[in-house]
Amino acid sequence: MKATTKKWAATLLLAAAANTAFAASGHFEQGREAFKAGDYELALKNFNLAWGEGNNTATLAYNRAVTYYKLGQLEPAKTAFSSLLVNTQWVHLARYNLGRIAEQEGNMQKAYLWYIKVDERANNTRLQRLAQSRADALKDYAPASSKPAPPAPKTTAVLLSLGYALDDNATSLAEELSSQASDASDTYFRMFGYGHHYLTGEKNNGVKLYGLAQMRRFQTFNSYDTTVLGVGATYETKADDVDLDFGARLTNIATSAGPLANQISFITNAAKPIGPGRLQADYQASYYSTDEGYAHLDGWQHQAKLTWQQKFGRVVVAPGFRWETNFRANKQLEATDDRGERFYSYSPTSLGLYANIRWELNAKWRLYSKFNWANITHSEENIHKDIGGEEKQQTRETTRTDYLLGARYKLRDNWAVKTEYSHTGASDVFDLYSYDKNVFALKLEYSWE
């Protein structure tokens, strides 16, 4: 507390009450003048004489208490201030000064409790600020019962999503092939679930176990049905102002025909606030092992992302860069002519840019969008026929663009509904792999933590 504030609290605040108008005796007036002059012994003598003459007003009682305090006579000062605790005009000043006396006596917990009462109940803003300042300085001495209970750490979270979508090119066919099909569009039902629990500690400081499940079921193209199940563990910690995550996840991927692949992933994330934003780096190394018939999918996949996130009022913008590479076998095809071996490459390397934008319109509405652009190059030349029967032998290179526009409406505390439109466009040197698709989706979400 600054010296001027201390002086005001200890002298002006305490002694100014002497100016309150009342029918004062001569000894009271003499005591007040002596107090102003700093002669506290003479002031006390005159205040006591006035008291003995029958002046038992609360104003005189307060001035006697202040004078005892100035003279260092804490016991009579406590008695005098305590007598004012039943007086609504003086009770808060009395409590504040009893707190100051308790501090001088070394009883910090009692002082803290006096200050808290003034802060919570006084109607004088300046006195409240003084009491709050002293209570903050003594908060370490607060008894456990008087300390506000800290919010319980959120150690468990659940997200469930049910959706229905229309995909106008469910098989991702090139335009020429799609037009030849009776109908390349289809609808599908999608379910997604995620949950985590901190086994020890809490966010940014503990071990987290989590699980996820995703199921997609088409109405017509049942061969494209997929089920994904995953479990993982992450250790989260903090080094200075950097958030660090280290973890592993095991994922099983299946189609309507049966199991497809098992994926084990090793994941590392690091995030650091820089200026007005936050920089995050993510790395994931995954190994795929497949059932018989899918050996060309066996192998390693490496992914890395660098994201910058910044908030502008109610809008959050997160642009980033993404890199992916794969080391897998080629899919061998049976030779049908003298050209010999024919194959498809399943080892693409992708470089891409992306941006996510979220706009919180109000407590109910949120708008969001996602944009991804990627250039994808395969490691070796593909040898097979393109659309129209043309035989091609060249390295596959694809440019792919995805964007999504969505709106979320919060129904109540844990429930929300989403509507989304997404577009994917792929342009490949093999026309066979060039396609466009549009998806319209409606989702119902439940979240809890």
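How many aromatic pairs does the structure hold? In this predicted model, the structure holds 15 aromatic pairs. A pair of aromatic rings is described by two quantities, the distance of the centres and the angle of the planes.

One of these pairs is formed by Tyr 96 and Tyr 115, whose ring centres lie 5.6 Å apart with 55° between the planes, a tilted arrangement. The two residues belong to distant parts of the chain, 19 residues apart: Tyr 96 is in helix α6, which covers residues 91-104, and Tyr 115 is in helix α7, which covers residues 108-121. Buried residues are those with under 20% relative accessible area. Tyr 96 has a value of 0% and is therefore buried. Tyr 115 also counts as buried, because its relative accessibility is 0%.

A second example involves Trp 415 and Tyr 446. Their ring centres are 4.9 Å apart and their planes meet at 55°, so this pair is tilted. Trp 415 lies in strand β15 (residues 415-428) and Tyr 446 in strand β16 (residues 435-448), so the pair ties together parts that are 31 residues apart in sequence.

Attention may now turn to a single helix, α4. This helix is made up of 13 residues, numbers 58-70. From the first C-alpha to the last, α4 reaches 18 Å, close to the 18 Å expected at 1.5 Å a residue. Is α4 largely enclosed or largely open? Of its 13 residues, 11 are buried, so α4 is largely enclosed by the rest of the structure. Among the buried residues are Leu 60, Ala 61, Tyr 62, Val 66, Tyr 68 and Tyr 69, and Asn 63 and Arg 64 are buried too. An α-helix has 3.6 residues a turn, so residues three or four places apart point the same way. Just after α4, Gly 72 adopts a positive phi of about 80°.

Methods
Residues numbered from 1 in each chain as written. Predicted model: local features only at pLDDT ≥ 70, side-chain atom pairs only at ≥ 80, totals over all residues. Heavy atoms only, no water. Helix = DSSP H or I, 4+ residues; strand = E, 2+ residues; numbered from the N terminus. Expected span 1.5 Å × (residues − 1). Buried < 20%, exposed > 50% of the residue type's maximum accessible area, 1.4 Å probe, protein only. Phe/Tyr/Trp six-rings, centres within 6.5 Å; stacked < 30°, edge-to-face > 60°.
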